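Subject: Structure handover

Hi,

Here is the structure I said I would pass on. Please open it next to this email and follow along.

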Amino acid sequence: MAIANVAEPLPLLRVRGVEKRYAAPVLTDLDLDLRGGEIHALMGANGAGKSTLSRIVCGLTTPDRGTMSLGGEPYQPHSRRAAQRAGVQLVMQELNLVPTLSVAENLFLTDLPGRFGFVAVAALLARAVEALTALGLNELDPRTAVSRLGIGQQQLVALAAALAHPCRVLVLDEPTAALTSAEIELAFAHLRRLRAAGTAILYISHRLEEIRQISDRITVLRDGRVVATQPAADAALDEIVRLMVGERAVGALDQRDHSPGDVALRVEGLTRGKRLRNVSFEVRKGEILGLAGLVGSGRTETVRAIFGADRTHAGRVSRGPGPPLTIAGPKDAVRAGIGMIPEDRKEQALLLSQPVRMNMTLAVLPAFVRRRWWIDDARELRAANELRLRLDVRSHSLNQRAGELSGGNQQKVVIARWLLRECDVLLFDEPTRGIDVAAKIAVYRVLNELAARGKALVVVSSELAELMALCDRIAVMSAGRLVTTFARGEWSEDAIVAAAFSEYAGRGDTARRGRVDSC
Ligand SMILES: Nc1ncnc2c1ncn2[C@@H]1O[C@H](COP(=O)(O)OP(=O)(O)OP(=O)(O)O)[C@@H](O)[C@H]1O
Ligand SMILES: [Mg+2]
């Protein structure tokens, strides 16, 4: 007679022998158990198969083989709606909100009231306020169009949308990539409440510290196979990293010769309402300048303003001793030798239906044109292939469509595109968001090489450890002002954090505004 093991609660969701292949196998003979009342972290390098598994669980992809059961019953969702009806909710890595609709409409997209009568709209707004308040978004008007929100807020709305419905299993695919620490805390508090109520939560993230903080068990995927499942409390971070990346060396960052040359970019008095207040700084050839600060402190606004992506009210940008540049839009910036990698990957307009190689070389195609319209295939291929290897882009060939790559690998393609382009000044906004630990080191190496070749780099990052490893100087922004700049060797984590908060002192709104990560 079988004896039930009381220490091992029965799984709520059981995945058995799941397989999925596209051109190559993506998931192989995969077993996973999710218990009610647990937060189960799913970790793995970019392209390991995490999002594919979450899409299968949530009815967006059908597996080639394998079975699933939910609460002991066979579970075979053929659509996302079917999964939702069974109580399985998903927050996707690439948010799929409808930008033209309001926050309230996005929250209840799948069950909007049939007729938009006055009562229905009022009821919808009331439900929306309730759902938003639960995540601390008390000040967000549910009538706002989603297109007007920053990426962090969009991420919270997507989370609120999943949580606004009954939920037995919740799958979160990198839900905090764009959130501030205060927002992450609110989201975590909510997840803990759901866990206490018996929900099974599958939590995907590249942030190791965060995983340790929130999860009960960790499953590591490598190349589509489960390599370990263990209690989070026992997990040593370096062991997890080794399991994730296998024999791929994570390596250390090489030291660079920190002796910058002449001024390559001069920014004077950049002003944009209250968001940017009289920001001035210089970056030299061969120098990496970090921009630290809370989310909303003006870091992204600064690089966007330099690149001409947003209008400014005052200020001048020049290339070294040259005259002020007239930058009416990104095209002018690129012509002046300034490139930018924005924080929102979607803004990069990756051509999702086109091959990886074309996405890498598109901006520089003229360089590969031999005669009038004859593209030098071999040269283009060589350049793209070299970058693919350097950044460890996981695609089965350079001809794979960019839309088929995993989220982190798409980000690497975006970086590659700008590396091929010979800009003298490069502005990076959160360059390693969504990128796995090993690939991050590869990106840092490339940034170091660019600086060593005399490029001037500005790097915005929420990870202080990243800035401290990379930069020659770190400028700290607070409430739209550049408050101080530290040289290498002069900074400390405490001093940077204190500077980041300095302009908010006494305003009482700091807690809501963001994070300076200390991981
Ligand atoms: N529709 C598709 N067609 C072809 N290949 C695909 C498709 N969807 C995913 N893949 C491939 O499956 C593999 C796993 O992708 P997946 O998105 O599951 O990775 P991931 O673990 O979520 O990575 P990341 O950390 O970068 O988000 C990748 O190699 C990807 O190219
Ligand atoms: Mg993914």
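Predicted model: local features only at pLDDT ≥ 70, side-chain atom pairs only at ≥ 80, totals over all residues.

How many bridges link β11 and β14? Strand β11 (residues 263–272) pairs with β14 over 4 bridges, in the antiparallel sense. To find the pairing on screen, go to T271: its bridge partner in β14 is A314. As background, strands of a sheet pair through backbone hydrogen bonds, in either a parallel or an antiparallel way.

Next, look at β1 (residues 11–21) and β2 (residues 25–35). A hairpin of 3 residues joins β1 to β2. The two strands pair in the antiparallel sense over 7 bridges.

**Around ligand 1**

Which residues are closest to ligand 1? They are Y22, N46, S51, S406 and G408, out of 19 residues that surround the ligand. Two elements give two or more residues each to this shell: α1 (50–57) and α13 (407–420).

What is the shell made of, by residue class? It has 12 polar residues, 4 nonpolar and 3 charged.

The shell also draws on two domains. Domain 1 (11–245) supplies at least three residues, and so does domain 3 (344–422).

**The chain as a whole**

Now the overall numbers. The protein chain has 519 residues, and 44% of them count as buried. It has 17 helices and 19 strands. Take the contacts with a separation of 6 or more: residues 24 or more positions apart account for 69% of them.

**Where to look**

Then go to the hairpin that joins β1 to β2. Finish at ligand 1, with Y22, N46, S51, S406 and G408 as the closest residues.

Best wishes

Notes. Residues numbered from 1 in each chain as written. Chains lettered and ligands numbered in written order. Buried ≥ 20, exposed ≤ 12 C-beta atoms within 10 Å, placed from the backbone. Contact = placed C-beta atoms within 7 Å. Pairing = 2+ DSSP bridges. Near = placed C-beta within 6 Å. Nonpolar A, V, L, I, M, F, W, Y, C, P; charged D, E, K, R; others polar. Domains from an automatic or database assignment.
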